[in-house]
Amino acid sequence: MNKPIINKNGSLLERAAEAYDFSAHFRAPAIPLDDLPPAPVAKPMAAASPPVAPPPAAFAPMPRPAPPVPSCQAVIDRAMLADNGLLVPGAPVGVLAEEFRLAKRELLLTARRLAVSDPAKARTMLVCSPKPGDGKTYCAVNLAISMAAERDLRVLLVDADFAKPGVMSRLGVPDGLGLMDALGDSAIDVESCIVGTDIPNLSLLPAGAGSTSDTELIASDRTPELIARLLAADPERMVIFDSPPALAASPASVLALHVGQVMLVVRADRTPESDIRDAVHRLDGCEHIQLLLNSVSFAPGGARFGSYYGQEDEGQ
């Protein structure tokens, strides 16, 4: 794997270099004319009325597949979203919305390229950070809300930070059965744990009951089965995992094996380069790792990508 080079003066979203070789082409073998069989001699046929062509069929657009119906639906308080500095669906587009539009475009472009070779993994991504307090849950929630605004996607945000789950509380939604419960008990259908929201195209999967063997459960064969189940239930579903910090808990490195790409959130004012490199090394089970620089100070006329104005970072 070509790990990303950390460039302090470059773009705030650093894309892992990818090379695609399309030099191999399939061509049908040429057949020599001498090997072709002689053309059959047509027999004369009695004159007949010319056939009447059927009327052209009307072309109708393919219906969009219906999403699975969640067992319950939560109402998300828009005022609470605004108070917490999160994106508010339907609100006027501001700087924060534009920043996450730019971020998701890069992620969706990578997903489109991945879909050529691995359509399933192309619809999965992991949001992680090197250490606690870098803002990964804040970014995961905003990314999910932004992606849910896409016309052709339905987003499932999975709280996979089992030790310190925060997705449901950020959105003001009660916890319930979730990913860990479905991993530990094969009788629990993971789809029944999904909570729908009144934000169009956005649903949530709680972390579930805590366990002392969370890494072992994630590393079991049950995990790819559940991910495949989530993807098969809705062909337009994008699954986003909010994982524990890579340098603070081991599940992140295991989850990286099951996703198509990782968005690694780093904090501009305190994440050292050594931590970034260590986190990338821990997550190298995924070939596509992109960096999102969080908590950047605003400078007039400077780059604004990734800036969160007036926001408190998670854990503060």
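Where is the place of Asn 201? In this predicted model, Asn 201 lies in the loop that links β5 (195-197) to β6 (202-205). Although Asn 201 is not a glycine, its phi is positive, at about 70 degrees. Its relative accessible area of 26% makes Asn 201 partly exposed.

Ala 74 belongs to strand β2 (residues 72-74). With a relative accessible area of 11%, Ala 74 is buried, because the cut-off for that class is under 20%. Leaving aside residues up to four places away in sequence, Ala 74 touches Val 173, Val 195, Gly 196, Thr 197 and Asp 198. For one of these contacts, Asp 198, the C-alpha atom is separated from that of Ala 74 by 6.4 Å, while the two residues are 124 residues apart along the chain.

Strand β8 (residues 261-267) is mostly covered, with seven of its seven residues buried. One side of β8 carries Gln 261, Met 263, Val 265 and Arg 267, the other Val 262, Leu 264 and Val 266, and both faces are covered.

From β8 the chain passes through helix α9 (residues 273-282) to reach β9, forming a right-handed β-α-β crossover.

Methods: Residues are numbered from 1 along each chain as its sequence is written. This is a predicted model: local features need pLDDT of at least 70, side-chain atom pairs count only at pLDDT 80 or more; totals for chains, interfaces and linings use all residues. Side-chain values use heavy atoms; hydrogens and water are left out. Helices (H or I, at least four residues) and strands (E, at least two) are DSSP runs, numbered from the N terminus. Buried means under 20% relative accessible area, exposed over 50%, partly exposed in between (1.4 Å probe, protein chains only). Contact means heavy atoms within 4.5 Å. A crossover is right-handed if, with the strands pointing away from the viewer, the path from the first strand over the helix to the second runs clockwise.
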